[in-house]
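User: Hi! I would like to learn how to read a structure feature by feature. Could you walk me through this one?

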Amino acid sequence: MFKKKKITLEYTIEKCSKCGTEVKRKYSDGDVLFSRCSKCTSCDGMMMIEKIFGETLEQ
Ligand SMILES: [Zn+2]
């Protein structure tokens, strides 16, 4: 029997509140929606977690 494997990948979208730069990265433990996480790379603003979502892939 052939079995299909499903994996869910979780992503986090960080957005700079100052210039609007968006960064998509892999979700890591401890990510909380709307929490501050890092400094923006293109300005000196703060990046906030705007969205956490999962994508399901079939293998
Ligand atoms: Zn910025």
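Analyst: Happy to. Let us start with a definition: a residue is called buried under 20% relative accessible area, exposed over 50%, and partly exposed in between, using a 1.4 Å probe and protein chains only. At 8% relative accessibility, C40 therefore counts as buried. Before going on, note that this is a predicted model, in which local features need pLDDT of at least 70, side-chain atom pairs count only at pLDDT 80 or more, and totals for chains, interfaces and linings use all residues. Residues are numbered from 1 along each chain as its sequence is written, and side-chain values use heavy atoms, with hydrogens and water left out.

User: What does the chain average in pLDDT, and where is confidence lowest and highest?

Analyst: pLDDT is the predictor's confidence in each residue, from 0 to 100. Where pLDDT is low, the predicted coordinates should not be read in detail. Here the chain averages 92, and 98% of the residues score at least 70. Confidence is lowest in β3, with a mean of 85, and highest in β2, at 95.

User: How do I read the sheet, and what is the order of its strands?

Analyst: Strands of a sheet pair through backbone hydrogen bonds, either parallel or antiparallel. Strands (E, at least two residues) and helices (H or I, at least four) are DSSP runs numbered from the N terminus, and two strands pair if DSSP finds at least two bridges between them. In this model, 4 strands form an open sheet in the order β2-β1-β4-β3, with antiparallel pairing. Its edge strands are β2 (22-26) and β3 (36-39), each of which pairs on one side only. Direction ignored, neighbouring strands of this sheet are turned by 40 degrees against each other on average; the axes behind such angles are lines fitted to C-alpha atoms, for helices over the stretch in contact, and angles run from 0 to 180 degrees between N-to-C directions.

User: How many bridges join the paired strands?

Analyst: Strand β1 (residues 6-16) is joined to β2 by 5 bridges and to β4 by 11, while β3 and β4 pair over 3 bridges. As for individual positions, E14 stands opposite V23 in β2, and T12 stands opposite R25 in β2. On the β4 side, K15 has M48 as its bridge partner, and K39 has M46.

User: What should I look at in the connections between strands?

Analyst: Another hairpin joins β3 to β4 through 6 residues. In the loop between β2 and β3 you will find F34, which has a positive phi of about 65 degrees although it is not a glycine. F34 is exposed, with a relative accessible area of 55%.

User: Which residues coordinate the zinc ion, and what is the arrangement of the donor atoms?

Analyst: Donors are N, O and S atoms within 2.8 Å of the metal (3.2 Å for Na, K and Ca); water is not among the atoms, so sites may look incomplete. The zinc ion is coordinated at 2.3 Å by the SG atoms of C16, C19, C40 and C43. Four donors count as tetrahedral if all angles lie between 85 and 135 degrees; four count as square planar and six as octahedral if opposite donors are over 155 degrees apart and all others between 65 and 115, and anything else is irregular. The 4 donor atoms here subtend angles of 105 to 115 degrees, so the arrangement is tetrahedral.

User: Where do the donors sit along the chain, and are they buried or exposed?

Analyst: Their spacing is C-x2-C-x20-C-x2-C. C19 lies in the loop between β1 and β2 and C40 in the loop between β3 and β4 (46-58), so the pair ties together parts that are 21 residues apart in sequence. C16 is buried at 3% relative accessible area, whereas C43 is partly exposed at 24% and C19 is partly exposed at 42%.
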